[in-house]
Amino acid sequence: MKKIKKMMAVLCLGLASVSAHTLTAEAELVNKAWGQGYSNTFILGLNNTVGSAVNIYTLKGTEPSVIHHTGNFNGINYDMLEVTPSETTFVKLDYMGYAEWLNNIYDWGLVSEGYVRAGGINANYYSWHTNPNAGQPVGGVRVAGKWTDFRGEPNMPEYGNGYVTAYWDRTGLMKLVYSGEDVNGGGWVGEKVESECALSGSYTYIVNGERKDLTGGSGWYEYHYNDYAFSCLAQKKDGTYYLISFWNGMRDEKVQDFLLELDVYNALRLDGGTSTSMCYEEDAVQEAEPSETEDEEDLSRLLG
């Protein structure tokens with residue numbers, strides 16, 4: 001695996017209350033984004049602005065275990081960052097509170113401490129009716145152990161809206177919990193989890209190693225199908241993370257097939273459409289051999 005080099009590209013943290021900072025380096029920042037529709041093709045560079053990101057950080061001068069995979073599953077192309085966390089490599093959530101390019105959503109404080117943002121994907125769902133300010137996150141967004149705010153209102157999970165919240169920190173496993181403020185009033189319902197990061201997502205694909213029933217209990221394969229790209233956050237029981245961007249829509253049971261073949265323990269769907277994006281530092285990740293898999297057996301050979 002390559003040694004981490006200094007970052008290249010100009011990354012500006014656009015917070016109005018903070019001066020812009022510039023990082024110069026030798027490595028190239030790779031931006032990938034996907035459009036909405038049936039194209040199954042990616043757009044090189046920036047696509048659309050988002051408000052939050054699931055990011056990978058690694059300590060400069062160490063050899064992180066971050067692998068970039070590309071492949072094809074069920075006829076849909078995908079990009080995936082595989083992360084083995086350690087004392088010097090971890091996954092966290094970063095939130096801007098307004099629209100920004102994915103490559104600019106990162107923790108400047110960690111960078112100033114000698115960490116490199118090795119890569120990241122777009123994070124949770126947004127209510128776009130609140131444009132032009134990127135929209136308020138749907139559900140919970142927790143950073144540095146505190147719920148974030150949007151226009152003075154806390155971004156906390158709302159019990160009863162159907163969204164699951166993923167909780168994690170640098171040392172523990174990701175946990176999916178259905179709980180939060182009761183949408184009908186009455187305070188908090190369900191388990192409270194203290195963690196560094198929390199993120200509400202939409203469909204819950206895998207819970208404790210089991211396929212989530214997405215049929216509404218009907219027993220029939222009445223799965224959702226979206227005709228646009230989307231991102232996914234997953235983790236194995238051993239702590240390995242997968243940050244995945246699918247280039248186009250896929251039926252949910254096929255997404256679950258893909259995740260179960262990876263031996264995923266917990267997984268949830270993140271935002272999609274023109275929000276779907278990924279970035280990574282070339283010298284902070286190892287490139288896996290490209291795959292042109294069409295089925296689960298080939299996928300297992302890819303990661304084997």
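Q: Where is the place of asparagine 124?
A: Asparagine 124 sits in the loop between β7 and β8 (126-127). Helices (H or I, at least four residues) and strands (E, at least two) are DSSP runs, numbered from the N terminus. Before we go on, this is a predicted model: local features need pLDDT of at least 70, side-chain atom pairs count only at pLDDT 80 or more, and totals for chains, interfaces and linings use all residues. Residues are numbered from 1 along each chain as its sequence is written, and side-chain values use heavy atoms, with hydrogens and water left out.

Q: Thanks! Is asparagine 124 buried or exposed?
A: Asparagine 124 is buried, at a relative accessible area of 1%. Buried means under 20% relative accessible area, exposed over 50%, and partly exposed in between (1.4 Å probe, protein chains only).

Q: And what does the side chain of asparagine 124 make a polar contact with?
A: The side chain of serine 52, at 3.4 Å. A polar contact is a pair of N or O atoms within 3.5 Å; within protein, one must be able to donate a hydrogen and the other to accept it, and residues adjacent in sequence count only if both atoms are side-chain atoms.

Q: Which residues is asparagine 124 in contact with, leaving aside neighbours within four places in sequence?
A: Ser52, Pro137, Val138, Gly140, Val141, Leu199, Ser200 and Asp271. Contact here means heavy atoms within 4.5 Å.

Q: Which strands does β7 pair with?
A: β7 pairs in the antiparallel sense with β3 (residues 50-59), over seven bridges, and also with β25 (residues 277-281), over three bridges. Two strands pair if DSSP finds at least two bridges between them.

Q: New topic: why is β5 largely enclosed?
A: Because eight of the nine residues of β5 (residues 76-84) are buried, the rest of the structure largely encloses this strand. β5 pairs antiparallel with β4 (residues 65-73) over nine bridges, and asparagine 72 stands opposite asparagine 77. Those two strands form a hairpin with two residues between them, and asparagine 74 in the turn has a positive phi of about 55 degrees. β5 is also antiparallel to β23 (residues 241-246), over six bridges, with methionine 80 and isoleucine 244 as bridge partners.

Q: Nice. Which residues touch the most other members in the largest nonpolar core?
A: Val54, Trp168, Leu233 and Leu243, out of 35 residues in that core. A nonpolar core is a set of buried Ala, Val, Leu, Ile, Met, Phe, Trp, Tyr and Cys residues joined through side-chain atoms within 4.5 Å. Another core, of 21 residues, lies apart from that one and includes Phe73, Ala234, Phe246 and Phe258.

Q: Last one: what's the strand order in the open sheet of three strands?
A: The order is β14-β17-β18, with mixed pairing. β14 (158-159) and β18 (188-189) stand at the edges with a single partner strand each, so one side of each is left without a neighbour in the sheet. β14 runs parallel to β17 (residues 180-182), joined by two bridges, and glutamate 158 has glutamate 181 as its bridge partner.
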